[in-house]
Number of protein chains: 2
Amino acid sequence: MDEGGPAPRRPATMRDVAEYASVSPMTVSRVLHDDPRVSPVNRERVLAAVKALGYRRNEVARNLRLGRTSGLIGLVVTNLANPFYSQFALGVESVAGENDLKVVLANTDEDAERERQLVKELIARRVDGMIVVPAGSDHAHLDPKAAGSVPVVLGARPPAGPEIDSVLVDDFGGAREATAALVAAGHTRVGFLGLPPSVWTSAERFRGFCVALEEAGLPLDERYVRRQQRTIPAAEEAARDLLRLRRPPTALFCANSRNTLGAIRATRQLAPETTLAGFDDFELADVLGVPLIVVAYDPRELGRQAAGLLVQRLSAPADRALDLLTRRIVVPTKVVRYGMS
Amino acid sequence: MDEGGPAPRRPATMRDVAEYASVSPMTVSRVLHDDPRVSPVNRERVLAAVKALGYRRNEVARNLRLGRTSGLIGLVVTNLANPFYSQFALGVESVAGENDLKVVLANTDEDAERERQLVKELIARRVDGMIVVPAGSDHAHLDPKAAGSVPVVLGARPPAGPEIDSVLVDDFGGAREATAALVAAGHTRVGFLGLPPSVWTSAERFRGFCVALEEAGLPLDERYVRRQQRTIPAAEEAARDLLRLRRPPTALFCANSRNTLGAIRATRQLAPETTLAGFDDFELADVLGVPLIVVAYDPRELGRQAAGLLVQRLSAPADRALDLLTRRIVVPTKVVRYGMS
DNA sequence: CTGTTAGCGCATTCAC
DNA sequence: GTGAATGCGCTAACAG
């Protein structure tokens, strides 16, 4: 293959190539730019030197000289282990790639302080922009207008305070529609399992749940509401609690997939006839053999849209990029029914 | 918060800060380094200027000057939508973070040509090292000894040719053990569903499958072998084929999760009494109510180990880093039984 | 304690 | 066609 270049310990520079080819660095630079004003002879020599030395242009230095930024965008997510975020990341990466941008990945583990730190580092590295799924509720450090001036797009959760572009799921609408489907099926005692109210998405879904009940003229029974489960075991336990009530709910709405999975485990044992509805679709939902209503959406599309917004801002005239109107895109949801043949 | 700095359109430079504070750039640099040899007065002035201008040190220029590399490592995976790779990425990210490295993410979509392109770009960006899940079988472009000289660690698939560090799963052992469990349960007609033989992991798993049969004195019936399914529907179709044979297999070994999921769908309809075993654990395996043997392992640990190897090489003396012995780490697997109470 | 000089690798002037 | 000079933003190594 490569005919055994001297395996340079310190990557070859343009000067190295120039010396090897007995030309000036400038000529090398021109060849690398396909500048036509280079004699064929020299072009050949340079190309040969490049190959011999295994030279690769240093994009970092190049960008510094050009005053361009890094060609990098930061992607800060809360939990890459969650399929939602990995699909989201995939969407971001694909659109970024199409626009000749690379993605620097960072995981906050839902730690707001870590997020601040990571954002600072990314800015110092001169990322051209950032896509952030914010962990906390204070978004001041994400304000593009503040010091740093880096375009930011928020994913899945809306900005609190500063005007920042965002791409959201129709949490409210999806929850409302799924709950309405439960009610339409005749259920009057519907339980709710969700994350703590401090998590915006879950709060919105709870709001959708409440509105759907209200629209059906059903009361909201707080004994049927559990909003503290962050893990599958916790969700299972909470679901058990509800099912053990003297008048248990006949249906459960679960505000995220972890709660849905916990509820599935609980109902399977305690009350298999309970109808389940949940936010987030998941693999195997159709095979479970349990009647299940699911609020589905495309997390990858969410990522694509977020990257799209960012790219738009990046391609705006540099001095006006931050003056564009703040935009908010809401990705639709779709209610899917499984196992109710 | 930030008291309305002038929102600089072009990020402030050290010189801007120096002028604002009426000192030399050098003094600014020192303050930013916590160099004690700066008068408290000047330190205050600089700090004030930094805040007023929203200055952030340009790490790119800094690294260029220091001759350091980027502090970035490249992570090239084949399919981030696959939970395996997202967990893998998470493991890489966590260890990288602990070592003050950031991760540049790239997805090849199993396209070897795209991989070559991405690897080139990453090298041009002067990543300090790369972790790659190779898509093709030609790994010449990944050889650290070739031009480029960037340390590389391969994940999940071993190097073909060049000597490259790698972190692998015990594909052979896991498949052999799971198959043996099937045989021990009395099955004599065991089918195999897998990816094409060109995929190394799947080939290894097939090898484990074959050896287990051989060790049990069972013949390998090629009519029970299907090795072309890359998607869940294709796997389901292949499983149906096997189950429709006049003497169908009584158990199936599935070489990856997509084949397992397809097989579950097929058996559920056609032959619920079929015993299933599969490589890769997955969520809800316990809830399916189907007897299931699973080969489990920790993809996050795989990522951690890969990053660990890379970090080791990066911290070796620069001129000797490439001379270390090539290492290969094999992460163990564990056979788990579900629904066979 | 502080400033000046020089240069990391590259590319845009502007000369020849 | 080609090359020399200059500077991107930053910081070691020297002066002062």
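Tutor: A polar contact is a pair of N or O atoms within 3.5 Å; inside protein, one atom must be able to donate a hydrogen and the other to accept it, and residues adjacent in sequence count only if both atoms are side-chain atoms. This is a predicted model, in which local features need pLDDT of at least 70 and side-chain atom pairs count only at pLDDT 80 or more, while totals for chains, interfaces and linings use all residues. Residues are numbered from 1 along each chain as its sequence is written, chains are lettered from A and ligands numbered from 1 in the order in which they are written, and side-chain values use heavy atoms, with hydrogens and water left out.

Start with Arg62(A): an N or O atom of its side chain is 2.3 Å from a phosphate oxygen of DNA strand C. Arg65(A) instead has a polar side-chain atom 3.2 Å from a base nitrogen of DNA strand C.

Now widen the view. A residue is near the strand if one of its heavy atoms lies within 4 Å of it. In this sense 23 residues surround DNA strand C, and among the closest are Met14(A), Tyr55(A) and, from the other chain, Asn42(B) and Arg65(B).

Helices are DSSP runs of H or I with at least four residues, and strands are runs of E with at least two, numbered from the N terminus. H4(A) gives the largest share of the surface near DNA strand C, four residues. Helices H2 (25-32) and H4 (59-66) of both chains, with helix H1 (14-21) of chain A, each supply at least two residues of that surface.

The chains also touch each other. Contact here means heavy atoms within 4.5 Å, and it takes 64 residues from chain A and 63 residues from chain B. The count between the chains is eight salt bridges, each a side-chain nitrogen of Lys or Arg within 4 Å of a carboxyl oxygen of Asp or Glu. One of them joins Glu93(A) and Arg114(B), at 3.9 Å from N to O. Strands pair if DSSP finds at least two bridges between them; strand S2 (residues 102-107) of chain A and S2(B) run antiparallel, joined by three bridges. In S2(B), Val103(B) is the bridge partner of Leu105(A).
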